[in-house]
Amino acid sequence: MLSEESLERLSERLVDRIEELNTFFIKKIGKQLYDIGTITPSQLAQLLQSVKYGSDIDEIMNKIAEITNKNVEDIYAIFEEVAKKNQAYAKQFYEYQKVNFIPYDNNIALQNQVKSIAKATAEEYMNMSKTFAYMISNSQGIKEFTSISEMYQKITDRAILSVQQGRESYQSAIHNAMKEMTSNGLRTVDYATGYSRRADSSVRMNIMDGIKRLNRELQEEFGKEFGADGIEVSHHKNSAPDHIDTVDGKQFSREEFERVNNSLDRHVGELNCYHFVYPIVLGVSEPIYSK
């Protein structure tokens, strides 16, 4: 059974790459702005025609693609790891019930089921990565979310215009632009509603939602195969008040769990609940968590 700490570690490598992308972009645009601030207005025409102006955007977009590809590969690896640990936990019940147990590496049906859920999660992640954006104030001072490539162009254009017009506020304008970017961080945006969420939070949620779906489907299948008559609920830190004394880390008969779960305002595993449910054979599985 996967612990809360294990689940958190699974998503960290994906989140770290998003932070790497955030840092890469900020450094890249910071260097561009510094270069603009050190040249004369007459040299700006050359800058606008230079390869650097366009190549930076190409490099940034390639970096997004590179990180997206690595994260998608890891999603498949993570889901296989989760599936193997789930099956390893269920093995004791197959053996007790004398039901045929097919290891993951030989279980084609199970592999296909895992790949299907991993693919759906990866596709959702890829769609999300297309909305990476930053928040910046427009000329009227209104906050707006802008894609990375547009953000790069807007800030660069604003800096060039500032130099061309000989504004004394050039350094201040650049400082404010960089401060806005770093304080808000890279985000994902639902462009239909304008709603945004920090990119690292979006990635964690994307992976956790996929893992919860995988866990639910696998455990339902395992439980049917070995004839589960009970349920064990995982434990996690800081669980919701209505879950702490009712379900957190406890074992139930199937009927008792249905009754308790239906009495809760929020069912186990729903609406960002981090609890996982595992089928068991009552009297065979010692409770994982002490009182």
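Student: Leaving aside its neighbours within four places in sequence, which residues is F79 in contact with?

Tutor: In this predicted model, the neighbours of F79 within four places in sequence are set aside. The residues that then remain in contact with F79 are V114, I117, A118, T121, I207, G210, I211 and L214.

Student: Which residues touch the most other members of the largest nonpolar core?

Tutor: The largest nonpolar core has 64 residues, and F79 is one of those that touch the most other members. Two or more residues are given to this core by each of the helices α1, α3, α4, α5, α6 and α7 and by each of the strands β1 and β7, and the largest share, 14 residues, comes from α3. Apart from this core lies another, of eight residues, which include V233, F252, F257 and L264. In the core of 64 residues, those that touch the most other members are F25, L33, F79, M181 and I211.

Student: Is I211 buried or exposed?

Tutor: I211 has its place in helix α7, and, leaving aside neighbours within four places in sequence, I211 is in contact with L7, L10, I78, F79, V82 and F276. The C-alpha atoms of I211 and I117 are separated by 8.6 Å, although these two residues are 94 residues apart along the chain. Because a residue under 20% relative accessible area counts as buried, and I211 has 0% relative accessibility, I211 counts as buried.

Student: What separates the C-alpha atoms of F276 and K212?

Tutor: F276 lies in the loop between α9 and β7, and at 4% relative accessibility F276 counts as buried. Its contacts, leaving aside neighbours within four places in sequence, are L7, M208, I211, K212, N215, E232, V233 and S234. K212, then, is among the contacts of F276, and while the two residues are 64 residues apart along the chain, their C-alpha atoms are separated by 7.2 Å.

Student: Which residues does N86 touch, not counting residues up to four places away in sequence?

Tutor: N86 is found in helix α3, and at 2% relative accessibility N86 counts as buried. When residues up to four places away in sequence are not counted, N86 touches N215, Q219, F222 and Y278.

Student: How do the residues of the contact of α4 with α7 divide into nonpolar, polar and charged?

Tutor: α4 passes α7 in a right-handed crossing. The contact is made by residues of α4, including L110, V114, I117 and T121, and by residues of α7, including N206, G210, L214 and F222. These residues of the contact of α4 with α7 divide into 10 nonpolar, five polar and three charged.

Student: Which residues of α5 and α6 meet, and how do they divide?

Tutor: The axes of α5 and α6 come within 9 Å and cross at roughly 165°, so the two helices are roughly antiparallel to each other, and their crossing is right-handed. M151, I155, A159, S162 and V163 in α5 meet Y170, I174, A177 and M181 in α6. The residues of this contact divide into eight nonpolar, one polar and no charged.

Student: How many residues apart in sequence are A177 and R158?

Tutor: A177 is found in helix α6 and, at 4% relative accessibility, counts as buried. The C-alpha atoms of A177 and R158 are 9.7 Å apart in space, and in sequence these two are apart by 19 residues.

Student: What is the phi of K98, and what is the phi of N238?

Tutor: Most residues other than glycine have a negative phi. K98 has its place in the loop between α3 and α4 and counts as exposed at 75% relative accessibility, while N238 lies in the loop between β5 and α8 and is exposed, with a relative accessible area of 78%. Neither residue is a glycine, yet K98 has a positive phi of about 55°, and N238 has a positive phi of about 55°.

Notes
Residues are numbered from 1 along each chain as its sequence is written. This is a predicted model: local features need pLDDT of at least 70, side-chain atom pairs count only at pLDDT 80 or more; totals for chains, interfaces and linings use all residues. Side-chain values use heavy atoms; hydrogens and water are left out. Axes are lines fitted to C-alpha atoms, for helices over the stretch in contact, and angles run from 0 to 180 degrees between N-to-C directions. Helices (H or I, at least four residues) and strands (E, at least two) are DSSP runs, numbered from the N terminus. Angles under 35 degrees count as roughly parallel, over 145 as roughly antiparallel, 65 to 115 as roughly perpendicular and the rest as oblique. A crossing is left-handed if the near helix is turned anticlockwise from the far one by less than a right angle, and right-handed if clockwise. Contact means heavy atoms within 4.5 Å. Ala, Val, Leu, Ile, Met, Phe, Trp, Tyr, Cys and Pro count as nonpolar, Asp, Glu, Lys and Arg as charged, and the others, Gly among them, as polar. A nonpolar core is a set of buried Ala, Val, Leu, Ile, Met, Phe, Trp, Tyr and Cys residues joined through side-chain atoms within 4.5 Å. Buried means under 20% relative accessible area, exposed over 50%, partly exposed in between (1.4 Å probe, protein chains only).
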